[in-house]
Structures are given as structure tokens and as C-alpha cells.
Amino acid sequence: MKLKEWAREQGVSYRTALNWFHAGTLPAPARQLSTGTILVEPPTVETGRTVAYCRVSSADQRDDLDRQAGRVVQECARRGLALDSTVTEIGSGLNGDRQKLRKLLATPEATTIVVEHRDRLARFGVEHLEAALSAQSRRIVVLNDAEVEDDLVRDMTEVLTSMCARLYGRRSAAKRAKAALKAAEVPPR
């Protein structure tokens with residue numbers, strides 16, 4: 001829309017809006033055409049839903065899941081993010097067998113997905129998810145972007161446990177994974 005129309009809608013004079021434009025303080029994106037006409041871009045109204053996604057790895061961490069959801073809701077309120085819903089799920093971050101996350105990612109109405117830490121969404125490849133969602137004008141908000149300590153060791157433990165479970169069965173997987181990690185340790189000098 002032209003600057004004159006925008007100024008009328010905002011209740012300011014055209015001259016004031018023109019001064020703001022030249023000073024670079026116009027509170028809306030605007031550009032000047034080669035003809036001299038100044039066009040103000042209409043504000044983008046964010047549509048869609050903001051959904052929090054919380055996940056823990058096992059059923060015995062259900063209390064942690066409730067606390068995580070509470071922290072996410074509290075931090076979103078502090079940042080001024082209005083949540084429409086919260087999705088909680090119990091499942092490993094290493095495999096793709098998380099039905100609620102798949103459904104959330106497939107829902108185009110969920111334009112903003114909020115997670116506490118990157119690893120709650122996925123252990124690996126969050127950057128790929130962000131790129132795919134941004135191509136659809138969707139985004140991921142990570143509330144605590146700091147890496148969790150011992151992330152690499154924990155990830156390797158989970159990868160080894162998962163691989164051992166496939167090779168040797170679920171019962172002895174954790175035991176064999178711990179033995180493999182212990183064998184891989186380098187003794188201090």
C-alpha cells in the first residue's frame with residue numbers, strides 16, 4: 001500500500017510518515033520505487049498454531065515428562081509465546097518410531113514447534129528438520145540452546161545400546177553396551 005494510505009490508517013499525517021521513512025524509523029517495512037512512490041509492506045500476521053513438544057526416553061521418566069512440560073509452558077509464558085497445545089511423548093530420540101512427533105510434523109497448522117532442548121526433538125539431524133520446516137514457513141523454537149553436558153557420551157551409549165539390542169536381544173543390550181564403552185575408554189596418563 002502507498003505511504004499516504006498507510007499514514008491515514010495509522011492516524012498520522014503523511015508528512016510525519018515521510019519523515020519517519022527518511023529517518024529509517026517507520027515502524028513497518030517500506031521501499032521506494034524508482035518513480036519515487038513509497039510502498040509500505042502490509043504487516044504479516046502470524047497464523048497457525050504454536051505447539052510445545054516434550055519427550056522422554058522411557059516410561060519410568062514419566063514424572064520428568066510432566067516437569068519438562070511445566071518448564072516449557074513457564075518459559076513460553078516468560079517469552080510471550082502463546083501455546084495452543086502441548087504434545088508429550090515417551091520414546092527414544094534415536095529411532096523414528098514416535099507417532100505423535102510424526103503427526104505434529106505432518107500438520108501444516110502447527111507453524112511453530114517449541115522444544116526445551118534440541119535433543120528432545122531428535123538426537124541427530126535437527127538442522128535438517130529446521131530447513132524442511134522453514135521451506136513451509138514453519139519454525140522450531142529451542143528454549144534452551146545450550147548443549148547438555150555429556151551429550152556425545154550419552155548419544156554413543158544409546159547408539160551402542162540400540163545396535164547391541166538388534167544384534168543380541170533387548171535383555172543383554174545395556175550390559176554389552178556398557179562393556180563396549182568401558183573397553184573404548186582411554187586410561188588417564
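Helices (H or I, at least four residues) and strands (E, at least two) are taken here as DSSP runs, numbered from the N terminus. On that basis, the secondary structure of the protein comes to 8 helices and 6 strands. The model is a predicted one, in which local features need pLDDT of at least 70 and side-chain atom pairs count only at pLDDT 80 or more, while totals for chains, interfaces and linings use all residues. Residues are numbered from 1 along each chain as its sequence is written, and side-chain values use heavy atoms, with hydrogens and water left out.

**Overall architecture**

- Along the sequence, the elements follow the pattern α-α-β-β-β-α-β-α-β-α-α-β-α-α.
- Of the 189 residues of the protein, 30% count as buried; buried means under 20% relative accessible area, exposed over 50%, and partly exposed in between (1.4 Å probe, protein chains only).
- Among contacts with a separation of 6 or more, 61% come from residues 24 or more positions apart, where contact means heavy atoms within 4.5 Å.
- The protein exposes about 12,700 Å², of which carbon and sulfur atoms supply 53%; accessible areas come from the Shrake-Rupley method with a 1.4 Å probe, and for residues only the protein chains shown count as cover.

- Two strands pair if DSSP finds at least two bridges between them.
- Strand E5 (residues 110-115) is largely enclosed by the rest of the structure, because 6 of its 6 residues are buried.
- Strand E3 (residues 49-56) runs parallel to E5 and is joined to E5 by 4 bridges; in this pairing, Arg-49 stands opposite Ala-110 of E5.
- Strand E6 (residues 139-142) is also linked to E5 by 4 bridges, and these two strands run parallel; Val-115 stands opposite Val-142 in E6.
- Thr-50 is found in strand E3 and counts as buried, with 9% relative accessibility.
- Leaving aside neighbours within four places in sequence, Thr-50 is in contact with Ala-82, Leu-83, Asp-84, Ser-85, Thr-112 and Val-114.

**Helix H1**

- Leu-3, Trp-6 and Ala-7 are buried in helix H1 (residues 3-10). Seen down the axis of H1, the buried residues fall within an arc of 100°, so they line one face of the helix; the arc is that of the directions from the helix axis to the C-beta atoms.
- An α-helix has 3.6 residues a turn, so residues three or four places apart point the same way.
- The buried residues of H1 pack against helix H2 (14-23) and strand E2 (38-40).
- Lys-4, Arg-8 and Glu-9 are exposed on the other side of H1.

**The annotated position Ser-57**

- UniProt, in an unreviewed entry, lists Ser-57 for "active site"; UniProt positions are given in the numbering used here, feature names are shortened, and annotations may be inferred rather than shown by experiment.
- Ser-57 lies in the loop between E3 and helix H3 (62-79), and its 30% relative accessibility makes Ser-57 partly exposed.
- Apart from neighbours within four places in sequence, Ser-57 is in contact with Ile-90, Gly-91, Ser-92 and Glu-158.

**Cysteines**

- A disulfide is a pair of cysteine sulfur atoms within 2.5 Å. By this rule the count comes to 0 disulfides.
- Cys-54 is in no disulfide, and the nearest cysteine sulfur, that of Cys-76, is 8.8 Å away. Likewise, Cys-76 is in no disulfide, with the sulfur of Cys-54 as the nearest cysteine sulfur at 8.8 Å.
- Cys-54 counts as buried, at 0% relative accessibility, and Cys-76 is buried at 0% relative accessibility.

- Ala-122 has its place in the loop between helix H5 (118-121) and H6 and is buried, with a relative accessible area of 10%.
- Not counting residues up to four places away in sequence, Ala-122 touches Gly-93 and Arg-98.
- The C-alpha atoms of Ala-122 and Gly-96 are separated by 9.0 Å, and these residues are 26 residues apart along the chain.
- Ser-137 lies in the loop between helix H6 (126-134) and E6 and counts as exposed, at 65% relative accessibility.
- Although it is not a glycine, Ser-137 has a positive phi of about 60°. Most residues other than glycine have a negative phi, and most peptide bonds are trans.
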